[in-house]
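Dear colleague,

I am handing over the structure below, and after it you will find notes on what was found. Please read them with the structure open beside you.

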Amino acid sequence: MTPIDEEQLQGLKGLRNFLRVRTSYDVLPLSFRLIVLDNDLLIRKSLDILIQNGIVSAPLWDSHQSRFAGLLTATDYINLIQYYCQFPEHIDDVDKFRLSSLRDIEKAIGVLPLETVSVHPTKPLYEACSRMLKSRARRIPLVDIDHETERETVVSVITQYRILKFIAVNTEQHTALLKQTVREIGLGTYKNLATAKMMDSVLEVINLMVVHNISAVPIVDKNNVVLNVFEAVDVIPCIKGGVYEELKSTVGDALSRRPDDFQGIYTCQEDDRLDTIFTTLRQSRVHRLVVIDDNWHLKGMISLSDILKYVLFTGVSSDEGEYFPPP
Ligand code: ATP
């Protein structure tokens, strides 16, 4: 890794100052919809709702206590699949589970419950980002208090993707200074990469995701040439309608079930500069970058959390600290 140069540091400081003076509200579009699911809903039905609405996560609402009850994400379905594998004798119950049972499923399979971190929408965006990275949450709900009822309301959910898009679109003067390459700054993961083949079963890939605590596995051929990427969200169509048998089907079959508007995978090379990656983020719907060489051999993976961590925490001087100006 090459030491950080002055221009790069200036660019990073510019980005951090921007995140300190903007709030999570600023990231939200003027008009948006928010689908909130009742915690009493059957898990089976929640899958149909996600698919019908083209979304991959939703906040949960406890209508008994009128409280925010956490976020439903692809990880919850992966946990359900783990449960099904560990307790096949309970398969008949799986269809009867409600969203409120997700915490019991976590306990039964022995995974740590995800922290239900949330942030107030008027807090600086920097705070939302660092909370997200410290808790390993990939999305964070914006929870406000309704002054009339004194009760919680979920305003929206912001994701790493939305934040990086917001940065990329609004701070070109700072991102243009980030001229060090992926190799120079050591961005991403290059060792012990988890990979799979087209003929592996979906279940095997899910296990890889759980063991490595990752949300995407590159699919390679026998020469390590990248063919595709299987993402945690690809699990959702596989278990639609409660057909868990489909998990035994191949990755190739599962990938062919992707929606028609699937945007494809994004790649980069180790000699690409960070400013070019921000240009890609500005122009496309990127959720991760697969690092390849000239012949499409797999070299590494760059996740959105790798980029966000680099922006927030690299070369932070004590004068920058974690100071949040009042909103
Ligand atoms: P998301 O991609 O869902 O927004 P994230 O940004 O946390 O979430 P993950 O894919 O879960 O991304 O990556 C977590 C960490 O694991 C990152 O540091 C990333 O470089 C690394 N990583 C990603 N994919 C793989 C893989 N297939 N093998 C090994 N490490 C990986």
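Let me begin with a contact between two helices: Ile78, Ile81 and Gln82 in α4 meet Ile206, Met209 and Val210 in α11, where two residues are in contact if their C-beta atoms, placed from the backbone, lie within 7 Å. Helices (H or I, at least four residues) and strands (E, at least two) are DSSP runs, numbered from the N terminus. The residues of this contact divide into five nonpolar, one polar and no charged, with Ala, Val, Leu, Ile, Met, Phe, Trp, Tyr, Cys and Pro counted as nonpolar, Asp, Glu, Lys and Arg as charged, and the others, Gly among them, as polar.

Before going further, please keep in mind that this is a predicted model, in which local features need pLDDT of at least 70 and side-chain atom pairs count only at pLDDT 80 or more, while totals for chains, interfaces and linings use all residues. Residues are numbered from 1 along each chain as its sequence is written.

The axes of α4 and α11 (residues 202-212) come within 11 Å and cross at roughly 110°; axes are lines fitted to C-alpha atoms, for helices over the stretch in contact, and angles run from 0 to 180 degrees between N-to-C directions. That makes α4 roughly perpendicular to α11, a term used for angles of 65 to 115 degrees.

A second pair is α8 and α14 (residues 274-283), whose axes come within 8 Å and also cross at roughly 110°, which makes α8 roughly perpendicular to α14. Here Leu164, Lys165, Ala168 and Val169 in α8 meet Phe278, Leu281 and Arg282 in α14, and this contact has five nonpolar, no polar and two charged residues.

Turning to the domains, the assignment for the chain gives domain 1 (14-167) and domain 2 (180-304), with bounds that come from an automatic or database domain assignment. Their centres, taken over C-alpha atoms, are separated by 23 Å, and 17 residues of domain 1 are in contact with 16 residues of domain 2. On the side of domain 1 that touches domain 2, α3 (43-53), α4 (74-86) and α8 (160-170) each supply at least two residues, and α4 gives the most, with seven.

Finally, 19 residues surround the ligand, the closest being Thr189, Ser215, Met301, Ser303 and Ser305, where a residue counts as near if its C-beta atom, placed from the backbone, lies within 6 Å of the molecule.

With best wishes

Key
Angles under 35 degrees count as roughly parallel, over 145 as roughly antiparallel, 65 to 115 as roughly perpendicular and the rest as oblique.
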